[in-house]
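Open the model in your viewer and keep the selection tool handy. We will go from stop to stop, with a note on what to pick and what you will find there.

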Amino acid sequence: MAKKKKGKKKKNNFIQRMVLRRRKMKKKKKRNKSRGFGKVILLLILLIAGVLFLKRNSLILMFKGYSGEDRKVILEMDKEDIKDYIDYDGVIDLSKWNKYDNQKHYYDYDYYEKVAYNNEEENVIEYVDSYYKQKETLEGLGYSRDYCRTQMKTFNADDFEYIAEKGIDYNTALPYLEVNGAQAQDLNKYIKSQKEPKEAVISITYDFIDSQNNTDYDYLINEPDNLDILVKTGFVLSSNYEPKDLVTVDVWRDSESTNIKLRKVAAQNLEKMAEEAEKEDLYLGIRSGYRSYEDQEKVYNEYISLYGYDYAITMVAVPGSSEHQLGYGVDITSLSVINEEVETFGDTAEYLWVIKNAHKYGFILRYPEDKTELTGTMNEPWHFRYVGKDIATECYKNNWTLEEYVQKHGFNTTLTKLEE
Ligand code: ZN
């Protein structure tokens, strides 16, 4: 019995094993099947990732908003150009520039249009394309494209050409080009002079700071919002420059006064100065503050028709070269002059007080009697200039005009030589 039982058991065991084996096989098959399926999916994912990777630039440009046609144009460019469009925050309107003949440097057109003083579209294209003609040579001399872009605000197209033609390398030029007001086309003169860069720039390009020396050129002030900006013959403001924070000055005024605004900080300090003077029974007023380019043009033309050109230009600034357009130049008067008790501000007790105290409020007497050769402007006891307390005090203590201050410290703005 036991033997029989044993045999049955063996048989049963055998069947069980078979069943288990089959189940295992089935599972294995299933597993193999699902493994194969996973591989296909993985491959697909890789394939899609690959396509996405290869097409990533096109996709980024698409999400930025470039049309299919524009994407095609951009993707045909050099790698470094494509990167410009990828990294740029906005969308550049390619079609805008295609009304003109151009070399497809859209990114730079867009950039230069924002920083150029002459941003007519045709000028922008001509400028950028002419830079690209020199690009390789300039890179060979060490001027990267990024550096050249930063210089576009101040450089003329001729400046790139000059550096490339003369083969002046970046390391030699940089100490000079870093000086505010440096002019590329004077680089060889700077280098030859062996002067300190700041001194070289001031004495070689801008010897006409001293009005006894003439200039044939005008230099455009690129950062007119800065404080100690020298504005005079040769140093001009753009015709559309207008300070953003002009406010009416609350001091005594002429019934005829129309231009009684100054930049906020200058207005506040003039009011403070008038308050302080009043404690000594002196009453300050304003005759003329901010004048727009057009206002100055009117005054200028009026003087020319009254006195003739030669005499007029010694009395009134050429439009664009008046401190009144800065919003920091002011003609001060007094109540006694307004009431016609005294003829001119220079003869008042107020004047004597102001020339001693103006620097405490950031003002300097801009055209003193004994410095007319330097300033190029006749004695104007009424005309004061706001430069801030520190600079005003330094000028007062050293008996300097703004010209002398700039000769000592350099410019607080870059300057672009205007083509005639
Ligand atoms: Zn004035």
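This is a predicted model: local features need pLDDT of at least 70, side-chain atom pairs count only at pLDDT 80 or more; totals for chains, interfaces and linings use all residues.

**Stop 1**

Now colour by accessibility: is H324 buried or exposed? H324 has a relative accessible area of 3%, so it counts as buried. D331 is buried as well, with a relative accessible area of 11%.

**Stop 2: helix α6**

Next, select residues 106–115, which form helix α6. How many of its 10 residues are buried? Seven of them are, so the helix is largely enclosed by the rest of the structure. To see them, pick Y106, Y107, D108, Y109, D110, Y112 and E113. And what do these buried residues pack against? Their partners are α3 (68–75), α4 (79–87), α5 (94–97), α7 (121–140) and α8 (145–151). Two of those partners, α7 and α4, come back at the next stops.

**Stop 3: α7 beside α9**

The crossing of α7 past α9 is left-handed. For the contact itself, show Y127, S130, Y131, Q134, T137 and L138 on the α7 side, which meet A157, F160, E161, I163 and A164 of α9. By type, the residues of this contact divide into seven nonpolar, three polar and one charged.

While the side chains are showing, here is a rule to keep in view. An α-helix has 3.6 residues a turn, so residues three or four places apart point the same way.

**Stop 4: α2 beside α4**

Now select helix α2, residues 56–64, together with α4. Here the axes come within 10 Å and cross at roughly 35°. α2 passes α4 in a left-handed crossing. Which residues meet at this crossing? From α2 come N57, I60, L61 and K64, and from α4 come I82, Y85 and I86. The contact of α2 with α4 is made up of five nonpolar residues, one polar and one charged.

**Stop 5**

Go to K104, in the loop between α5 and α6. Its phi is near 65°, a positive value in a residue other than glycine. K104 is partly exposed, with a relative accessible area of 46%.

Then jump to E340, which sits in the loop between α16 (335–338) and α17 (349–357). E340 also has a positive phi, about 60°, although it is not a glycine. Its relative accessibility is 71%, so E340 counts as exposed.

Finish at T154, in the loop between α8 and α9. Is T154 buried or exposed? At 12% relative accessibility, T154 counts as buried. Leaving aside residues up to four places away in sequence, T154 touches D159, N222, T414, L415 and T416.

Methods:
Residues are numbered from 1 along each chain as its sequence is written. Side-chain values use heavy atoms; hydrogens and water are left out. Buried means under 20% relative accessible area, exposed over 50%, partly exposed in between (1.4 Å probe, protein chains only). Helices (H or I, at least four residues) and strands (E, at least two) are DSSP runs, numbered from the N terminus. Contact means heavy atoms within 4.5 Å. A crossing is left-handed if the near helix is turned anticlockwise from the far one by less than a right angle, and right-handed if clockwise. Ala, Val, Leu, Ile, Met, Phe, Trp, Tyr, Cys and Pro count as nonpolar, Asp, Glu, Lys and Arg as charged, and the others, Gly among them, as polar. Axes are lines fitted to C-alpha atoms, for helices over the stretch in contact, and angles run from 0 to 180 degrees between N-to-C directions.
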